[in-house]
Amino acid sequence: YRHSSTILIIKRASRYLPVIEKILKENDIPDDFKYLAAAESEYSNMVSPAGATGFWQIMEKTGKEEGMEINSVVDERYNLEKSTQFACDYFRKSYEKYGNWTLAAASYNGGRAALDEQIEIQHQNNYYDLLLSEETARYIFRAVAYKLVISDPAHYGFTITKDELYPELKYYEVKVDTAVSSFSKFAAHFGTNYKLLKFLNPWLRKPYLTPKPNKAYLFKIPDEGMRNTEKSENVN
């Protein structure tokens with residue numbers, strides 16, 4: 001019943017799933033876990049009322065514990081590649097703990113501590129036999145629903161032509177390990193503008209960079225023609 005939101009999710013999936021799929025494959029995580037990101041954030045850098053941030057809805061404390069840089073200047077929860085790697089590390093640890101991917105997926109939503117408590121109380125270790133919180137109980141089914149709709153939109157009443165899907169972003173990367181005082185000047189140096197630089201690098205939270213010592217950052221710079229007149233409306 002959220003027709004317009006579902007259309008946006010299908011469009012975004014075309015752009016962002018190739019990135020997520022590649023990282024899942026590199027980490028030997030089942031490909032279907034890419035649909036958990038739809039359940040988490042609808043493939044967008046949203047922020048929950050509790051402060052969970054990014055495609056994978058990472059809390060600040062948890063992200064920092066896993067080595068993510070999170071401050072007022074840089075917030076790597078907004079970095080799709082790094083946040084997906086965070087999720088993969090979590091999935092792997094949960095799989096090693098529970099021995100199956102369904103509970104590993106459920107633990108990402110409910111947390112391992114809450115899941116462990118219910119497993120101990122109920123003496124069950126099968127997701128489908130456990131009485132869990134409402135959100136965690138429906139989490140796997142939501143992911144399956146997203147898979148069905150995204151994989152075959154027309155079957156579920158969503159008529160979207162190929163040229164209406166958001167195209168993959170075309171860019172190259174530049175390594176930066178020194179301070180940048182002005183992103184508008186930095187962008188101009190590479191033949192682009194502040195808007196596109198921030199769009200491609202949403203983890204940059206200020207109009208400048210004060211880097212951590214001995215740390216290099218990869219900035220995405222748009223390829224020539226990434227944003228053209230015909231497709232400019234697709235930069236969303």
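A residue is called buried when its relative accessible area is under 20%, exposed when that value is over 50%, and partly exposed in between. Keep these cut-offs in mind as we walk through this structure, which is a predicted model.

Let's start with L148, a residue of helix α7, which spans residues 134-151. L148 has a relative accessibility of 42%, so it counts as partly exposed. Together with V144 and Y156, L148 makes a nonpolar surface patch of about 260 Å².

Now turn to the loop that links α1 (3-26) with α2 (36-41), where you will find N27. The side chain of N27 reaches the backbone oxygen of I23 at 2.8 Å. The N27 side chain also makes a polar contact, at 2.9 Å, with the side chain of Q85. Leaving aside residues up to four places away in sequence, N27 touches Q85, C88, D89 and R92.

D28 sits in the loop between α1 and α2 as well. Look at its backbone: D28 is not a glycine, yet its phi is positive, at about 55°. Is D28 buried or exposed? The relative accessible area of D28 is 57%, and because this is over 50%, D28 is exposed.

Our last stop is H123, in the loop between α6 (112-122) and α7. H123 is another residue other than glycine with a positive phi, in this case near 55°. With a relative accessible area of 70%, H123 is over the 50% cut-off and therefore counts as exposed.

Technical notes: Residues are numbered from 1 along each chain as its sequence is written. This is a predicted model: local features need pLDDT of at least 70, side-chain atom pairs count only at pLDDT 80 or more; totals for chains, interfaces and linings use all residues. Side-chain values use heavy atoms; hydrogens and water are left out. Helices (H or I, at least four residues) and strands (E, at least two) are DSSP runs, numbered from the N terminus. A polar contact is a pair of N or O atoms within 3.5 Å; within protein, one must be able to donate a hydrogen and the other to accept it, and residues adjacent in sequence count only if both atoms are side-chain atoms. Contact means heavy atoms within 4.5 Å. Patches are made of residues with over 30% relative accessible area and no salt bridge: like charges are joined within 9 Å, nonpolar side chains (Val, Leu, Ile, Met, Phe, Trp, Tyr) within 5 Å. Accessible areas come from the Shrake-Rupley method with a 1.4 Å probe; for residues, only the protein chains shown count as cover. A salt bridge is a side-chain nitrogen of Lys or Arg within 4 Å of a carboxyl oxygen of Asp or Glu. Buried means under 20% relative accessible area, exposed over 50%, partly exposed in between (1.4 Å probe, protein chains only).
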